[in-house]
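Subject: Structure handover

Hello,

Here is the structure for you to look through. My notes on it follow below.

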Amino acid sequence: MGVTGPAPRVAVISGGSSGIGLAIAHELAGRGFHLWLLARRPDRLDAAKAELLARHPALPVATLPLDVTDAAATSDAIALILREAGRIDWLVTSAGTVEPGLFLDQPIEAHRRQMEINHFGTLHLVKPVAEAMRAQGGGRITLISSAAAFAGIAGYSGYVASKFAVRALGETLQVELAQHGTAVGVAFPPDTDTPQYKAEQATKPEITKAISAGGGVLSAETVARSIVRGAERGRFLLTPSPLMTAFGWLHSLYAPLFRHQQRRKIAELARKKGAP
């Protein structure tokens with residue numbers, strides 16, 4: 001009679017076709033996880049799968065086109081994965097979007113889109129996966145929020161609100177799901193070199209650029225490595241840099257000062273524009 005080894009560990013990553021999601025996929029592939037990548041565009045999923053298999057040729061990688069704002073389709077996708085893979089050991093919710101814009105200039109629809117994708121897209125995934133993890137005796141859920149979830153930032157009113165919501169969801173889930181053996185962490189990446197970061201520069205307001213200037217940009221690989229290592233160590237706050245770690249612990253104290261600094265920058269820009 002043959003010896004049956006341990007069941008393979010399965011990771012599901014939304015937004016897994018590029019950026020931080022794809023970088024996390026590489027990290028988990030290196031740890032032997034069987035991967036399921038979710039994203040809207042099949043062509044990008046195919047490219048991501050090819051990239052992963054080039055480095056990990058023996059690793060099972062499955063892709064599934066999905067719009068996470070569709071709750072029914074997301075529930076069906078998770079059910080399909082559970083039928084095919086038998087379990088989900090790690091969920092990473094990296095699908096997200098950002099539309100910079102000053103509040104008075106931006107339509108309500110932009111706020112709604114960001115909330116639908118960033119918050120509700122996360123929620124649509126977490127709900128069925130958390131139920132499956134309770135049934136199987138536990139697992140790990142990592143929500144990708146943003147450094148912007150620590151304090152309001154001018155030019156990001158819709159984005160910040162949606163990422164604050166992800167942070168709040170994670171804080172609650174950490175408490176509720178622990179009894180079922182599910183470890184929950186929330187990642188707070190700063191500016192990261194991803195296709196989305198490059199795209200948002202075209203519409204980022206001048207004041208937002210001034211606020212973020214000098215903060216630096218991390219590579220997606222650096223951010224992913226930090227997130228995965230922190231999650232494996234059981235940390236809730238997954239902060240890829242010392243500065244973000246400080247914000248994570250002290251943001252309530254620092255936020256009033258940060259708002260004051262932003263108001264001063266706005267006033268400075270206004271004076272320069274009004275100067276002859």
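Leaving aside its neighbours within four places in sequence, which residues is I81 in contact with? They are V12, W36, L38, L64, G86 and I88, where contact means heavy atoms within 4.5 Å.

Before the rest, the basis. This is a predicted model, in which local features need pLDDT of at least 70 and side-chain atom pairs count only at pLDDT 80 or more, while totals for chains, interfaces and linings use all residues. Residues are numbered from 1 along each chain as its sequence is written, and side-chain values use heavy atoms, with hydrogens and water left out.

The cores

I81 and I141 have the most contacts inside the largest nonpolar core, which has 31 residues. A nonpolar core is a set of buried Ala, Val, Leu, Ile, Met, Phe, Trp, Tyr and Cys residues joined through side-chain atoms within 4.5 Å. Buried means under 20% relative accessible area, exposed over 50%, and partly exposed in between, with a 1.4 Å probe and protein chains only. Two or more residues of this core come from each of β1 (10-14), β2 (34-39), β3 (61-65), α3 (71-85), α4 (108-136), β5 (139-144), α5 (157-177) and β6 (182-187). These elements are DSSP runs numbered from the N terminus: helices are H or I with at least four residues, strands E with at least two. The element that gives the most to this core is α4, with 5 residues. There is also a second, separate core of 29 residues, and L35, L59, A187 and V228 are among them.

Strand β3 also holds A62, which counts as buried at 19% relative accessibility. Leaving aside neighbours within four places in sequence, A62 is in contact with L35, W36 and L37. W36 is 26 residues from A62 in sequence, yet their C-alpha atoms are 4.7 Å apart.

Helix α4 against α5

The axes of α4 and α5 are 7 Å apart, at an angle of about 15°. Axes are lines fitted to C-alpha atoms, for helices over the stretch in contact, and angles run from 0 to 180 degrees between N-to-C directions. The two helices are therefore roughly parallel to each other; the cut-offs are under 35 degrees for roughly parallel, over 145 for roughly antiparallel, 65 to 115 for roughly perpendicular, and oblique for the rest. Among the residues making the contact are H111, M115 and L123 of α4 and Y159, V166 and L173 of α5. By class, the contact has 11 nonpolar, 8 polar and 1 charged residues. Here Ala, Val, Leu, Ile, Met, Phe, Trp, Tyr, Cys and Pro count as nonpolar, Asp, Glu, Lys and Arg as charged, and the others, Gly among them, as polar.

Helix α1 against α8

Helix α1 (residues 19-29) and helix α8 (residues 220-232) have axes that come within 8 Å and cross at roughly 55°. They are therefore oblique to each other. The contact includes I20, A23 and E27 of α1 and A224, R225 and V228 of α8. Its residues divide into 9 nonpolar, 1 polar and 3 charged.

How many of the residues of α1 are buried? The count is 11 of 11, so that α1 is mostly covered.

T194 lies in the loop between β7 (192-193) and α6 (195-200). With a relative accessible area of 10%, T194 is buried. Not counting residues up to four places away in sequence, T194 touches G19, I20 and A220.

Regards
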